[in-house]
Amino acid sequence: MSFIDKILKNKQNNNKNKALHHGEIFELWAHLVSRYDVLKKTQILFSYAHDPDFKMIISEGLDILESQIDELEDIFKEYSIPLPDRPPADVTSSSSSNPLWSDQMIYREILNGMSQFLDTHVRTFKFLWNDELRPVIVRFLKKEVDLYDDLMKYGKLKGWLNMPPKPENSSN
């Protein structure tokens with residue numbers, strides 16, 4: 001137990017304060033809407049993917065997105081925040097053949113989206129004063145970092161990253 005936990009334990013009463021300030025509500029709302037958008041976009045990208053291993057990775061990512069969305073929606077209900085409109089359950093394309101969407105391009109699109117969402121998690125964390133909600137966002141952030149790291153390794157394995165050239169005098 002950290003020193004701050006010891007101090008707080010001695011000073012806090014056990015009543016939970018369910019009030020959120022407007023900034024927290026806005027950030028949670030923006031976070032959930034962004035998650036909906038990412039879910040919809042990832043479902044569409046999944047429909048164009050071809051590589052079976054890559055499709056499995058995307059599918060696992062979709063499961064994580066759904067789980068996080070469900071958790072955020074539960075928080076909204078607990079704090080009596082009206083939910084935004086959820087996207088349709090299935091937004092996949094009717095055609096899975098589109099020459100514009102190679103697996104490599106889909107990979108880069110997903111990796112770029114994950115990179116941007118790392119910032120979203122951090123921004124949401126910074127605006128949450130609620131001691132019960134910050135750990136939720138920290139857990140989401142840690143999961144995103146782990147997934148991003150795994151996806152980088154997969155991209156290197158497949159040769160899908162645009163690696164910058166090595167300097168001419170590099171020993172590697």
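The model is predicted. A search of the whole structure gives 7 aromatic pairs. Phe54, Tyr107, Tyr154 and Trp160 make up one aromatic cluster, and Phe54 is also among the residues that touch the most other members of the largest nonpolar core.

**Aromatic pairs**

- One of the 7 aromatic pairs joins Phe54 and Tyr107 in a tilted arrangement, with 6.3 Å centre to centre and 55° between the planes.
- Phe54 belongs to helix H3 (residues 52-78) and Tyr107 to helix H4 (residues 103-127), so this pair ties together parts that are 53 residues apart in sequence.
- Both Phe54 and Tyr107 are buried.
- Tyr154 and Trp160 form an edge-to-face pair, at 5.8 Å centre to centre and 80° between the planes.
- Tyr154 counts as buried because its relative accessibility is 11%, under the 20% cut-off.
- Trp160 is likewise buried, with a relative accessible area of 10%.

**Charges over rings**

- The charged end of Arg35 sits over the ring of Phe117, 4.0 Å from the ring centre.
- Phe117 is one of the buried residues of H4.
- The charged end of Lys55 sits over the ring of Phe46, 4.4 Å from the ring centre.

**Helix H4**

- H4 contains 25 residues and spans 36 Å from its first C-alpha to its last, close to the 36 Å expected at 1.5 Å a residue.
- The buried residues of H4 include Asp103, Ile106, Tyr107, Ile110, Leu111, Met114, Phe117, Leu118 and His121.
- Thr120 and Thr124 are also buried in H4.
- An α-helix has 3.6 residues a turn, so residues three or four places apart point the same way.
- The packing partners of the buried H4 residues are helix H2 (22-48), H3 and helix H5 (134-158).

**Nonpolar core**

- The largest nonpolar core has 32 residues, and Leu28, Phe54, Ile106 and Ile110 touch the most other members.
- At least two residues of this core come from each of H2, H3, H4 and H5.
- H3 supplies the largest share of the core, 8 residues.
- Leaving aside residues up to four places away in sequence, Ile110 touches Leu45, Phe54, Ile58 and Leu151.
- In soluble globular proteins, nonpolar side chains tend to be buried together.

Terms used. Residues numbered from 1 in each chain as written. Predicted model: local features only at pLDDT ≥ 70, side-chain atom pairs only at ≥ 80, totals over all residues. Heavy atoms only, no water. Phe/Tyr/Trp six-rings, centres within 6.5 Å; stacked < 30°, edge-to-face > 60°. Helix = DSSP H or I, 4+ residues; strand = E, 2+ residues; numbered from the N terminus. Buried < 20%, exposed > 50% of the residue type's maximum accessible area, 1.4 Å probe, protein only. Lys NZ or Arg CZ within 6 Å of the ring centre and 35° of its normal. Expected span 1.5 Å × (residues − 1). Contact = heavy atoms within 4.5 Å. Core = buried A, V, L, I, M, F, W, Y, C linked by side-chain atoms within 4.5 Å.
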